[in-house]
Amino acid sequence: MYTYKHPRPSVAIDLVLFGIIDHKLVILTGRRAEPPYKGRASLPGAYVYEDESAEETCTRKIKSIGLKPSYLEQLVTLTDPYRDPRGRVIAIAYYGLIPIPQEIPTGDTKIDQMSWITPEEVQKQSWAFDHKKILDIAIKRLRAKIQYSAVSPHFFPEEFTVPELAAVYCAILGRSIDVPNFRRDLLRQNLLVEVGTKHVRGPRARTYNWNWKNKEKFFLSLG
């Protein structure tokens, strides 16, 4: 068996899972059920097994929670040697998008009382480890990325109207946007594909899918 000359720290993943409920951006969190930081707010996470990648650990953990993300991206790696009082643990944080979360997942022996909370509620919690830092980075990343990357459409399980898509952007930003300018911006940059119509509180409205074939760079002002 090979003997390593250097210490071998543990590696874990932490997950920031975003959803949208009642036109508000929400994040799945829980409460630490055991020490350290018992009783504090916490993100779901897991240790990386020796025979799996960090991405496979994410898949395993999200599946155990009972959710299925439509988008998952590595966010940040945290290497502070004292971030975990139990020993040296390097954490790789990811954020994912969950289309229309209908139920609150159940917890486990390490994290319980899971719930969806808003970014405003994040600021009021007392957090375990460096999870508050992870959340602040994730929220900032998501809000910036929707201007130049096709992230927001991942919140939809099917086609959408422009006002429905605009509502997702408003939920993520936490403020209103100019919907007519938003529509013109999307269509001018060929970001939407019309697929049909549906009833939306009155006359039928046009429905769209995101134009995934369009590989051109884009930018939405969202003013």
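## Strand S7 and Gln113

Gln113 is located in strand S7, which covers residues 111–117; helices (H or I, at least four residues) and strands (E, at least two) are DSSP runs, numbered from the N terminus. The model is predicted: local features need pLDDT of at least 70, side-chain atom pairs count only at pLDDT 80 or more, and totals for chains, interfaces and linings use all residues. Residues are numbered from 1 along each chain as its sequence is written, and side-chain values use heavy atoms, with hydrogens and water left out.

Although Gln113 is not a glycine, its phi is positive, at about 45°. Gln113 counts as exposed because its relative accessibility is 53%; buried means under 20% relative accessible area, exposed over 50%, and partly exposed in between (1.4 Å probe, protein chains only).

## Overall architecture

The chain contains five helices and nine strands. Read from the N terminus, the order of its elements is β-β-β-β-α-β-β-β-α-α-α-α-β-β. Its C-alpha atoms fill a box of roughly 65 × 35 × 30 Å along the principal axes.

Of the 223 residues in the chain, 44% are buried. The chain exposes about 12,700 Å², of which carbon and sulfur atoms supply 51%; accessible areas come from the Shrake-Rupley method with a 1.4 Å probe, and for residues only the protein chains shown count as cover. Among the contacts (heavy atoms within 4.5 Å) with a separation of 6 or more, 66% join residues 24 or more positions apart.

## Nonpolar cores

A nonpolar core is a set of buried Ala, Val, Leu, Ile, Met, Phe, Trp, Tyr and Cys residues joined through side-chain atoms within 4.5 Å. The largest one has 45 residues, and Val16, Phe18, Leu142, Tyr169, Phe182 and Trp210 have the most contacts inside it. At least two residues of this core come from each of S1 (10–21), S2 (24–32), S5 (71–78), S6 (89–97), H3, H4 (162–173), H5 (179–188) and S9. H4 gives the most, with eight residues.

A second, separate core has 15 residues, including Leu28, Cys58, Ile62 and Ile92. Tyr169 touches Ile146, Ser152, Ile177, Phe182, Trp210, Leu220 and Leu222, not counting residues up to four places away in sequence.

The buried residues of H3 are His131, Ile134, Leu135, Ala138, Ile139, Leu142 and Lys145. They lie on the same side of H3 because they cover an arc of only 140° around the axis, the arc being that of the directions from the helix axis to the C-beta atoms. The face turned away from this buried side carries the exposed residues Lys133 and Lys140.

The loop between H2 (119–122) and H3 (131–145) holds Asp130, which counts as buried at 13% relative accessibility. Asp130 touches Leu78 and Arg83, not counting residues up to four places away in sequence. Phe129 lies in the loop between H2 and H3 and has a positive phi of about 50° although it is not a glycine. Phe129 is buried, with a relative accessible area of 17%.

Arg206 is in S9 (residues 204–210) and counts as exposed, at 53% relative accessibility. Leaving aside residues up to four places away in sequence, Arg206 touches Phe160, Thr161, Glu194, Gly196 and Thr197.

The peptide bond from Pro35 to Pro36 is cis, with omega near 0°. Pro36 is placed in the loop between S2 and S3 (41–42).
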